[in-house]
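Subject: Handover of a structure

Dear colleague,

Please find the sequence and structure below. My notes on what was found follow directly after them.

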Amino acid sequence: MDCNIIKDLLPLYLDDCCSEESRAAVEEHLKECGECKKAFDAMNSAAFQTIEEPYTPKPLSRINDWKASVLQSLLLFFSFIVITVGVALEAATPVGVENSFWAFSLVIPATGFLISLANWYFIRIYPSKAVFSNSSWALTLLVTVIAFLWTCFHYGMLPWDIFFRMIDPNDTFRVFWALGIVFTLLLCVLSKWASQKYAKLLGKE
Ligand SMILES: [Zn+2]
């Protein structure tokens with residue numbers, strides 16, 4: 001490409017305002033042309049020094065703040081719906097041990113997820129996006145396990161009773177527990193993914 005065109009593009013390139021194609025063309029040209037590389041270096045060190053500085057905290061945009069709040073609210077709403085549906089289904093089933101299946105398959109995993117969302121309000125105390133995201137899904141799992149143990153106690157079951165019922169092929173309700181485990185794993189994945197997105201929107205590195 002012509003050197004003059006490249007020189008016209010350099011300021012846009014440095015401001016990150018040009019298209020993918022122009023960006024690739026400039027980079028390609030700078031590799032081959034010493035004169036344009038010199039012009040680029042001069043521009044880069046003089047007027048655009050701050051761009052090269054690492055760890056410059058990005059100013060948070062209000063739009064991203066708003067998007068992060070919407071994301072968190074949608075997930076809170078989703079967990080509330082699942083818990084409400086689970087509690088309603090549980091209330092509609094006969095009292096007794098069978099009464100607990102909706103609790104195990106829907107209410108407990110959704111509760112673990114809901115509580116992990118409350119942790120999102122404390123994102124500022126986490127040193128990095130990775131630590132925040134990992135603590136988010138780990139908290140989902142931890143609360144789910146605690147709620148599971150509590151529910152076993154509440155329904156007068158021992159956790160290993162459920163284990164033995166799960167491996168018993170004649171026990172039709174093991175489908176519910178399998179659902180609960182799958183749902184818990186899905187929520188852990190959702191928690192990891194969504195918390196990363198949330199942290200990114202808030203400019204957390
Ligand atoms: Zn050139």
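The centres of domain 1 and domain 2, taken over C-alpha atoms, are separated by 50 Å. Domain 1 covers 3-52 and domain 2 covers 62-201, with bounds that come from an automatic or database domain assignment. This is a predicted model, in which local features need pLDDT of at least 70 and side-chain atom pairs count only at pLDDT 80 or more, while totals for chains, interfaces and linings use all residues. Residues are numbered from 1 along each chain as its sequence is written.

Overall form

The radius of gyration of the protein is 27 Å, whereas a compact globule of 205 residues would have one near 17 Å. This radius is taken over C-alpha atoms, and the globule rule is 2.2 Å times the number of residues to the power 0.38. Along the principal axes, the C-alpha atoms fill a box of roughly 80 × 35 × 25 Å. The protein has nine helices and zero strands; these are DSSP runs numbered from the N terminus (helices: H or I, at least four residues; strands: E, at least two).

Of the 205 residues, 25% count as buried. A residue is buried if 20 or more other C-beta atoms lie within 10 Å of its own, exposed if 12 or fewer, and partly exposed in between, with C-beta atoms placed from the backbone. Among contacts with a separation of 6 or more, 73% join residues 24 or more positions apart; two residues are in contact if their C-beta atoms, placed from the backbone, lie within 7 Å.

The cores

In soluble globular proteins, nonpolar side chains tend to be buried together. A nonpolar core is here a set of buried Ala, Val, Leu, Ile, Met, Phe, Trp, Tyr and Cys residues joined through C-beta atoms within 7 Å. The largest such core has 26 residues, and those with the most contacts inside it include Trp 102, Leu 106, Ile 108 and Tyr 198. Helices H5 (62-92), H6 (101-118), H7 (129-154) and H9 (174-201) each give two or more residues to this core. H6 gives the most, with 10 residues. Leaving aside neighbours within four places in sequence, Ile 108 is in contact with Ala 103, Thr 144, Ala 147, Phe 148, Thr 151 and Gly 180. A second, separate core of six residues includes Ile 6, Leu 9, Tyr 13 and Cys 36.

Helix H5

The 31 residues of H5 should span 45 Å at 1.5 Å a residue, and its end C-alpha atoms are 45 Å apart, which agrees. The expected span is 1.5 Å times one less than the number of residues. Ala 68, Leu 75, Ser 79 and Gly 86 are the buried residues of H5, and their cover includes H6 and H9.

Individual residues

Most residues other than glycine have a negative phi. Asp 16, although not a glycine, has a positive phi of about 60 degrees. Asp 16 lies in the loop between helix H1 (3-14) and helix H2 (20-32) and counts as exposed because it has 8 C-beta neighbours inside 10 Å.

Val 175, in helix H9, is also counted as exposed, since it has 12 C-beta neighbours inside 10 Å. Its C-alpha atom is 9.0 Å from that of Ser 105, 70 residues apart along the chain.

Gly 203 is found in the segment after H9 and is partly exposed, with 15 other C-beta atoms within 10 Å. The C-alpha atoms of Gly 203 and Asn 64 are separated by 8.6 Å, although these residues are 139 apart along the chain.

Yours sincerely
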